[in-house]
Structure formats: structure tokens, C-alpha cells
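Subject: Structure handover

Hello,

Here is the structure I promised to pass on. My notes come after it.

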Amino acid sequence: MPVECRIHPSTEMPDDQTLTRLRALATSLVSDVFGRWAGAPGILPISGLTAGATMAGPAFTVRTRPGDNLVVHKALDLARPGEILVIDAGGATDRAILGGLMGSYATMRGLAGLVIDGAVRDRSEMAQDAPPVFARALSHLGPYKNGPGDLRAPVSLGGVAVNDGDLIVGDENGIAVIPRDRCDEIITAAEAKRAAEEAEHAAIKAGTWDRRWIDQALTIVDAVPAR
């Protein structure tokens with residue numbers, strides 16, 4: 001008997017310039033300028049990401065029952081090129097939500113990435129054929145295909161709220177989430193922080209890095225030797 005899959009309206013795709021700017025930013029920069037809370041703890045790169053590379057794109061949100069991938073298959077058919085599938089599978093790690101076949105299909109569909117709050121499998125296959133994949137764990141145990149689920153609805157990714165169309169940035173350190181209505185503000189702030197950090201790197205190499213702030217933030221107390 002068919003089960004319900006609620007599909008919410010799609011959101012506008014970001015422009016190419018926004019995506020280019022995002023790909024030049026590390027997740028740590030986004031996190032630092034956005035309250036240091038917009039990351040998805042425990043969801044780490046599994047495959048498909050070369051050293052120093054950054055994945056960026058708008059979220060196509062999926063909420064599925066833990067251990068079940070029926071609606072994930074439907075999401076792969078509906079997602080637009082350049083979108084990143086963001087799958088809320090409840091953080092369960094006993095069964096893989098997707099693997100090599102679905103990863104290959106995601107590449108054929110032009111997806112920019114796959115982010116799963118749950119487990120995946122077939123790491124080697126996905127490294128060859130899938131877009132960048134981020135997940136909480138690996139498991140060889142396969143999924144059920146019973147549903148139900150929601151597509152393009154609000155989801156939770158490692159405890160962080162994600163709405164369809166929010167911007168996702170992923171690199172070797174994990175995943176950061178940028179609300180789509182604050183995208184330009186946060187990108188601009190992250191670019192400024194990147195420039196500041198580049199200046200600090202130059203000062204380190206020149207031996208002129210200002211470390212006075214440390215003593216200004218501390219009250220130094222000499223310890224009294226024990227008798």
C-alpha cells in the first residue's frame with residue numbers, strides 16, 4: 001500500500017557568483033562569523049572531496065524515517081542540478097541510507113553533494129562515482145524502503161535547523177549551514193575574516209604577530225610552591 005510523501009514548494013536557486021564566493025570559504029570561517037553554532041557536529045566527509053576543496057550549494061531537504069530511504073529515491077528524481085541533498089535520517093547509524101548506486105545516480109542528476117544525518121555505505125564506489133558525501137557513519141547494513149517522509153520541509157542536521165534552499169558549505173572539517181535570507185551578509189563577513197587571517201599568517205612568518213591580547217585577557221598569578 002503506498003505511503004505518504006509530502007512535497008513542499010521549491011525555492012529559488014542561488015546565482016553563480018554566490019556559489020563561487022562560497023566555494024572560496026572554509027567552514028571554519030562561516031562558523032566563526034555566524035555565532036560559532038551553525039555547524040552540524042559529527043557529520044563528516046566520507047568520500048568525493050579532494051584536499052582543500054569546498055562543496056557548496058542550496059539544500060534540497062529530505063526527512064525520512066531512520067533506516068529507510070524510499071523518499072530519498074524520490075528526492076534524487078526531483079532535485080535540480082547544483083542542489084545538495086540534505087537528509088535528516090534521525091542520526092541513526094545502524095543502516096545505510098544510500099550507497100554506490102544512489103551516489104552514481106546523484107552524479108548523473110548533477111547534484112553538488114549528499115549530506116546525511118545517518119549512515120552510508122560503499123565508500124570506495126562513492127569515491128569514484130558520487131559527488132561529495134558527508135555522513136555520520138558507515139554501515140554495510142542496507143535500508144528499508146517503506147517510507148514515509150517529507151521533501152523540501154524543514155529538517156534538523158546534527159541539531160541545526162535547515163530549510164530548503166539554505167546554503168550548505170562542506171569541507172574537510174564538516175558542514176556549515178547559512179540561512180538563505182542571510183547569505184550575502186554572512187559571506188561578506190567570512191570574506192573579511194579570511195583577509196584578516198591571511199594578514200595574521202603573514203605576521204607569523206615575519207615574526208611580528210601581536211600576542212599582547214593573551215596577557216590582557218589573563219590575570220597572571222605566580223603559584224606558591226607546596227611546603
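Predicted model: local features only at pLDDT ≥ 70, side-chain atom pairs only at ≥ 80, totals over all residues.

Residues are numbered from 1 along each chain as its sequence is written, and side-chain values use heavy atoms, without hydrogens and water.

Phe34 and Trp37 form it, tilted, with 5.1 Å between centres and 45° between planes. Phe34 counts as buried because its relative accessibility is 6%; Trp37, at 51%, counts as exposed (buried is under 20% relative accessible area, exposed over 50%, with a 1.4 Å probe and protein chains only).

Arg211 sits over the face of Trp209, 4.3 Å from the ring centre (Lys NZ or Arg CZ within 6 Å of the centre and within 35 degrees of the ring normal).

The largest pocket has a volume of about 180 Å³ (1 Å grid, 1.4 Å probe; an open set of points with protein on both sides within 12 Å along at least five of seven lines; lining residues have an atom within 4 Å of a point). Of its 16 lining residues, Leu98, Gly99, Leu101, Met102 and Arg121 are the closest to the centre.

Best wishes

Terms used. Phe/Tyr/Trp six-rings, centres within 6.5 Å; stacked < 30°, edge-to-face > 60°. Points joined across faces, edges and corners; volume = space filled by probe spheres on them.
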